[in-house]
Amino acid sequence: MMLKKSQFFLKSLLLLSSVVTTNVNATELESMIPITLTGTLNYATLNYWLEMPDGQSYELRINDTNEPFIMDKVGEKITLNGAILTYSDKSQYFQPKFEEGPQVKPLKFTKSTDDGNASLYLDSNEIYSSDEYGNLGIEKEFPIDNGKVSLVWLSTGGTACPAMFMYVVARQNSLPLITSEFGNCSDIPTITNDNKTITVALPGNPAQTWLFDLNNFRLYEK
């Protein structure tokens with residue numbers, strides 16, 4: 001019995017010692033100094049850090065909320081406002097502060113094919129409907145300033161004319177622009193984009209090539 005009590009007492013001392021050690025070694029925030037830093041943003045092993053021109057680096061305190069502000073700027077020289085956090089173990093981190101921009105519309109397309117009609121919605125608002133086509137979908141999308149250009153396919157559901165096409169230009173704070181339908185019924189387009197013009201080449205007899213000017217959003221056949 002005495003042996004068991006001694007073992008229990010020893011285990012209690014070890015546990016108490018572990019708790020005390022953990023509290024003594026715990027790091028605490030000692031200072032938070034507001035500052036603006038300019039450096040090159042780097043990323044590796046799930047960490048972001050800012051490398052300064054003098055060679056000094058600061059690991060960034062980033063979470064799911066503020067990561068979208070910088071995730072596409074890795075490798076770039078950027079300027080961040082925030083504060084340097086210094087802890088009792090002398091470790092330092094930089095906590096950036098981001099100004100939230102205005103809320104923007106998601107510009108999300110959905111479709112409906114109820115009752116044999118094909119309808120296209122942008123952010124829950126119907127922007128196109130046809131009883132000539134029974135189905136439609138997004139063939140390809142291209143980002144533009146403040147929005148996107150979407151190439152939409154239209155189908156009657158039969159084999160006589162598998163697909164026709166049209167463009168939808170969706171931009172923030174602007175009504176969508178929808179072109180006229182085009183194509184030769186081919187559903188195997190070859191699509192290229194040189195950032196000035198989108199080209200859709202359609203095989204067939206006769207074959208067709210359609211160009212869409214991204215500067216003035218004009219559709220024309222070559």
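Predicted model: local features only at pLDDT ≥ 70, side-chain atom pairs only at ≥ 80, totals over all residues.
Q: How do S9 and S10 pair?
A: Strand S9 (residues 135–144) and strand S10 (residues 147–155) are antiparallel and share nine bridges. Strands here are DSSP runs (E, at least two residues; helices are H or I, at least four), numbered from the N terminus, and two strands pair if DSSP finds at least two bridges between them.

Q: Which residue of S10 is the bridge partner of Gly137?
A: The partner of Gly137 is Trp153.

Q: And how many residues lie between the two strands of that hairpin?
A: Two residues separate S9 from S10, and Asn146 in the turn has a positive phi of about 70 degrees.

Q: Which residues form the salt bridge?
A: Lys148 pairs with Glu141, with the closest N and O atoms 3.2 Å apart. The structure holds one salt bridge, defined as a side-chain nitrogen of Lys or Arg within 4 Å of a carboxyl oxygen of Asp or Glu.

Q: Is Lys148 buried or exposed?
A: Lys148 is buried, at a relative accessible area of 15%, whereas Glu141 is partly exposed at 36%. Buried means under 20% relative accessible area, exposed over 50%, and partly exposed in between (1.4 Å probe, protein chains only).

Q: Changing topic: how many disulfides are there?
A: The count is one disulfide, taken as a pair of cysteine sulfur atoms within 2.5 Å. Cys161 and Cys185 form this disulfide, with their sulfur atoms 2.0 Å apart.

Q: Why is the disulfide called left-handed?
A: The torsion about the S-S bond of Cys161 and Cys185 is about -90 degrees, so the disulfide is left-handed.

Q: How accessible are the two cysteines?
A: Cys161 is buried, with a relative accessible area of 17%, and Cys185 is partly exposed at 23%.

Q: What is the strand order in the open sheet of three strands?
A: The order is S6-S7-S8, with antiparallel pairing. Strand S6 (109–112) and strand S8 (125–130) stand at the edges with a single partner strand each, so one side of each has no neighbour in the sheet.

Q: How many bridges join S7 and S8?
A: Strand S7 (residues 118–122) and S8 pair over five bridges in the antiparallel sense, and Ala118 has Ser130 as its bridge partner in S8.

Q: Which residues make the nonpolar surface patch?
A: Tyr43, Leu46 and Val74 make a patch of about 310 Å². Patches consist of residues with over 30% relative accessible area and no salt bridge, joining like charges within 9 Å and nonpolar side chains (Val, Leu, Ile, Met, Phe, Trp, Tyr) within 5 Å. Areas come from the Shrake-Rupley method with a 1.4 Å probe; for residues, only the protein chains shown count as cover.

Q: Where does Leu46 lie?
A: Leu46 lies in the loop between strand S1 (29–44) and strand S2 (47–51), and is exposed with a relative accessible area of 73%.

Technical notes. Residues numbered from 1 in each chain as written. Heavy atoms only, no water.
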